[in-house]
Amino acid sequence: MPRMDNCKDFLSWVDPDTSLNIFKCLDDPADLARVSCVSRSWRGFVVANGLSKQLCLRMFPQLSRVACVVELNQDGVKEHSEVGSSQSNECLALWKDHRVYSYLARSCLSPVAMDCIDKAISASSTDNFPQESIVNTLEERDNIAGRFSYWSSSGQSNPNVPETLTYQLASQICVITEINIQPFQAHFQMGSPIYSAKSVRFKMGHLKASLDDLTDAFVWTYTSLEFPMAQENRLQKFKLPEPVLCIGGILQIELLERVQSQEMDGLLYICISHVQALGIQLSPAFSVDILGPSGMFVLKRDRMANCQPPEPSENESGAALTLADRDFQQIVTILRGHVMGVGAMDGWEEEEYEVDEDNAF
């Protein structure tokens, strides 16, 4: 192949605003990691313009409440801030933001989803406690040793009285993609009625910093639209329109409108067998500190821990390299002025940079 001489970095040919608009078109964290490996100037451009942070904000608007990010060192202790010029401190802060947000963005794209619910907190009502407690909804089986396992609300004559089930997630910060609910079918009653709700809505958030107001102990940072429920005894899947970053680890399920009455008393009930919240747990690599009533929070990254997804097999890796990936790599190769393939640009590896404060960008 002929050697490509006199090739120049397009960043030196295009004005900064145009370059920024081009780079903002990258909506995959792996692509942003790849362009950071192209050259020193590209990496500096990505860092100086906070592109990793901007990508995270587009993926998860909940991150707009981040007051600051903190890295924990190898001993799990916050690194000491170094004394230096304001310019060097700003440079170090930009690199820190880049490391934290780029790793967060990549971690949120794990293909492996798991049930993120850790424990039940409370139900708005319970008909017979503890036999029909919310704790039963954590069990996948609806019959254990001959005993039916489910939660039941108290009976109401008004179908519009809602019910709520509140859970603590296994991670203080996690990404939720889908919530699954199975209504309970009472086979021990005449006609085997199914006590579903007509629709369901989901809220995610965190405990209030101050519990002076006991009427509501939670701050909700996300509320979904309503999803219709079927009056069927099966695990019904409610996929969220976009993945949601739950900051604080609290999930509440709102069950709206009762549709089934009990023959014995004529009252309307809602009964649930099982609940799942599928997603990605980001602890222990990430944690948060909520800052008072403002709802702002500190995002902390522990560099000793990780939430890295499992490495794909060799066959999966080959299949994942799509035509678009190859085309992108070819473009990057041309822009670098090389004729051979792009070097290793593994988007999942933890990035380690030595920052030259005098010529960082």
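How far apart do the end C-alpha atoms of residues 19–58 lie, and what percentage of the span is helix and what percentage strand? The end C-alpha atoms of residues 19–58 lie 18 Å apart, and the span is 75% helix and 0% strand. Please keep in mind that this is a predicted model, where local features need pLDDT of at least 70, side-chain atom pairs count only at pLDDT 80 or more, and totals for chains, interfaces and linings use all residues. Residues are numbered from 1 along each chain as its sequence is written, and side-chain values use heavy atoms, with hydrogens and water left out.

**The chain overall**

- The protein chain has seven helices and 18 strands; helices (H or I, at least four residues) and strands (E, at least two) are DSSP runs, numbered from the N terminus.
- Of the 361 residues in the protein chain, 43% are buried. Here buried means under 20% relative accessible area, exposed over 50%, and partly exposed in between (1.4 Å probe, protein chains only).
- Taking contacts in the protein chain between residues at least 6 apart in sequence, 76% join residues at least 24 apart. A contact means heavy atoms within 4.5 Å.

**The annotated span and its helices**

- UniProt lists residues 19–58 as "domain: F-box", in an unreviewed entry. UniProt positions are given in the numbering used here, feature names are shortened, and annotations may be inferred rather than shown by experiment.
- Helix 1 (residues 16–23) packs against helix 3 (residues 40–48) at an angle of about 85 degrees, with the axes 11 Å apart. Axes are lines fitted to C-alpha atoms, for helices over the stretch in contact, and angles run from 0 to 180 degrees between N-to-C directions.
- Helix 1 and helix 3 are therefore roughly perpendicular to each other. Angles under 35 degrees count as roughly parallel, over 145 as roughly antiparallel, 65 to 115 as roughly perpendicular and the rest as oblique.
- On the helix 1 side, Pro16, Ser19, Leu20 and Phe23 meet Trp42, Phe45 and Val46 of helix 3. By class, this contact of helix 1 with helix 3 has six nonpolar, one polar and no charged residues. The classes take Ala, Val, Leu, Ile, Met, Phe, Trp, Tyr, Cys and Pro as nonpolar, Asp, Glu, Lys and Arg as charged, and the others, Gly among them, as polar.
- Helix 2 and helix 3 pack at about 130 degrees, with their axes 7 Å apart, and are therefore oblique to each other.
- Leu32, Val35 and Ser36 of helix 2 make this contact with Trp42, Arg43 and Val46 of helix 3. The residues of the contact of helix 2 with helix 3 divide into four nonpolar, one polar and one charged.
- Helix 2 (residues 29–36) is mostly covered, with eight of its eight residues buried. The buried residues of helix 2 include Asp31 and Arg34.

**Nonpolar cores**

- The largest nonpolar core has 34 residues, and those with the most contacts inside it are Leu63, Leu104, Leu245, Leu282, Phe286 and Leu299. Such a core is a set of buried Ala, Val, Leu, Ile, Met, Phe, Trp, Tyr and Cys residues joined through side-chain atoms within 4.5 Å.
- Helix 5 (residues 86–107) gives the most to this core, with five residues.
- Another core, of 30 residues, lies apart from it, and Ile176, Ile179, Met204 and Val275 are among its members.

**Backbone points to inspect**

- The peptide bond from phenylalanine 129 to proline 130 is cis, with omega near 5 degrees. Proline 130 sits in the loop between strand 3 (117–123) and strand 4 (143–144).
- A cis peptide bond also runs from serine 283 to proline 284, with omega near 5 degrees. Proline 284 is in the loop between strand 16 (271–281) and strand 17 (286–291).
- Serine 192 is not a glycine, yet has a positive phi of about 50 degrees. Serine 192 belongs to the loop between strand 8 (173–183) and strand 9 (197–207) and, at 23% relative accessibility, counts as partly exposed.
- Glutamate 257, likewise not a glycine, has a positive phi of about 70 degrees. Glutamate 257 is in strand 13 (residues 250–258) and counts as partly exposed at 32% relative accessibility.

**Around phenylalanine 227**

- Phenylalanine 227 is in strand 11 (residues 227–228) and is buried, with a relative accessible area of 17%.
- Phenylalanine 227 and phenylalanine 202 are 25 residues apart in sequence and 9.1 Å apart in space, C-alpha to C-alpha.
- Not counting residues up to four places away in sequence, phenylalanine 227 touches Ser199, Val200, Phe202, Phe238, Lys239, Leu240 and Pro241.
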